[in-house]
Amino acid sequence: GIRPNVELAQKAGIELGVTGAIKVDNGMQTNIKDIYACGDCAESYSLVTGRAVYRPLGSTANKMGRIAGDRVTGGDLEFRGVLGTGIFKIFDKTVAQTGLTEREALQEGYEISVCHNIKPDKPEYFHGEEMLIKAVADRKSGRLLGVQIIGKSGVDKRIDVFATAITFEARVQDLFHLDLAYAPPFSTTKDPVIYTGMILTNDIERGRPLMSARELEEKLRNNDDITVIDARVAKQYEKSHIEGAVNLPHESLRESIDDLDREKLTVTYCNKGVTGNAAQNILINKGFRKVYNLSGGHKNYLKMRKS
Ligand SMILES: Cc1cc2nc3c(=O)[nH]c(=O)nc-3n(C[C@H](O)[C@H](O)[C@H](O)COP(=O)(O)OP(=O)(O)OC[C@H]3O[C@@H](n4cnc5c(N)ncnc54)[C@H](O)[C@@H]3O)c2cc1C
């Protein structure tokens, strides 16, 4: 980890915040008049929760420096907090995050919806590369709280769209309506950002709930009374499937419906989530009461097992 270098400030009687970094007001002024602090030694606060956070980043240091400079020369620029947006490259993968993680959102007391959205950044014929987007939203307000992405390309562009959306307090329902740039060399017709909004909206207010891989694993371990439907073709099921799942491929699912218990907790899945959602739709339309789609499908389930 990283610790703020605050020795000099402490000796000068400057107050530290709860994070151990120098406490500043919105104009970067410390508790001592005309003494300003900015960058890695200064505390900032979360744009989502309003709570003090310590996120020492060059992007933030730069803003803080400008604000402090503006203030000491008579300006009124104000620091507006951070999402802690960060990005790094590890070999051929890009990893990025913004806003709250699932754990942070739970610690803050939010009732959350979480999705794992696996989508290519471009169409296949333009050599699109899959990325995994994990997004966290507040169930009550629909507000997007945080996003993490890992993938080979196109991650930087998506995380910045999400950071912008969270900054302006977008709800997941708003993401679908974003007029994002599309042409095949750059994106898919429905951008992964838009899909993320659709998946979370389906979960929060359109009666198409998601179940995380971890939740399903727990239910299976506890031997809960549950039907798990693998909606992929038989060949994929035979290759690998979730233990205890029955193979009812999406295209023939309607024919098997009468053999299933409509009252029983049911989880559908496919490889990544889209066909699982289609199977979920069929079951709900046929009167099944408690049908969940496995978030991120079999692919994400395997990743969870591996980790
Ligand atoms: C390896 C690495 C990679 C990073 N990559 C990224 C990235 O990709 N993106 C990102 O946003 N951030 C990144 N950061 C963080 C970013 O570099 C810092 O947040 C940023 O430089 C902080 O700026 P600053 O001006 O507060 O401090 P610094 O850049 O550390 O500058 C402080 C200066 O004060 C000097 N100094 C210290 N004590 C005294 C003293 N008593 N008297 C006089 N001078 C003193 C130091 O020598 C230093 O030059 C990275 C950091 C590291 C270490």
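The exercises below work through selected features of this structure, each with a solution in steps.

The model is predicted, and for that reason local features need pLDDT of at least 70 and side-chain atom pairs count only at pLDDT 80 or more, while totals for chains, interfaces and linings use all residues. Residues are numbered from 1 along each chain as its sequence is written, and side-chain values use heavy atoms, with hydrogens and water left out.

**Exercise 1. Describe the overall make-up of the protein chain.**

Step one is the secondary structure: the protein chain has 11 helices and 12 strands, where helices (H or I, at least four residues) and strands (E, at least two) are DSSP runs numbered from the N terminus. Step two is the extent, for the C-alpha atoms fill a box of roughly 75 × 45 × 35 Å along the principal axes. Step three is burial: of the 307 residues, 44% are buried, a term that stands for under 20% relative accessible area, with exposed meaning over 50% and partly exposed in between (1.4 Å probe, protein chains only).

**Exercise 2. Determine how many disulfides the structure holds, and explain why Cys38 is in none.**

Begin with the criterion, which is a pair of cysteine sulfur atoms within 2.5 Å. The count under this criterion is 0 disulfides. For Cys38, the closest cysteine sulfur belongs to Cys41 and lies 6.7 Å away, which is too far for a bond. Cys270 is likewise in no disulfide, the nearest cysteine sulfur being that of Cys115 at 14 Å.

**Exercise 3. Find the aromatic pairs and classify their geometry.**

The rule is that rings of Phe, Tyr and Trp (its six-membered ring) pair if their centres lie within 6.5 Å, and that planes under 30 degrees apart count as stacked, over 60 as edge-to-face and the rest as tilted. The structure holds 2 such pairs. In one, the ring centres of Tyr45 and Phe79 are 6.0 Å apart and the planes stand at 85 degrees, so this pair is edge-to-face. Because Tyr45 lies in strand β1 (residues 44-45) and Phe79 in the loop between α2 (58-72) and β3, the pair ties together parts that are 34 residues apart in sequence. Tyr45 is partly exposed at 25% relative accessibility, while Phe79 is buried at 4%. Tyr125 and Phe126 also pair, with 5.7 Å from centre to centre and 55 degrees between the planes, and this arrangement is tilted. Here Tyr125 is exposed at 59%, and Phe126 is partly exposed at 36%.

**Exercise 4. Examine the backbone and the setting of Phe91 and His127.**

Start from the expectation that most residues other than glycine have a negative phi. Phe91 has a positive phi near 50 degrees, and His127 has a positive phi near 60 degrees.
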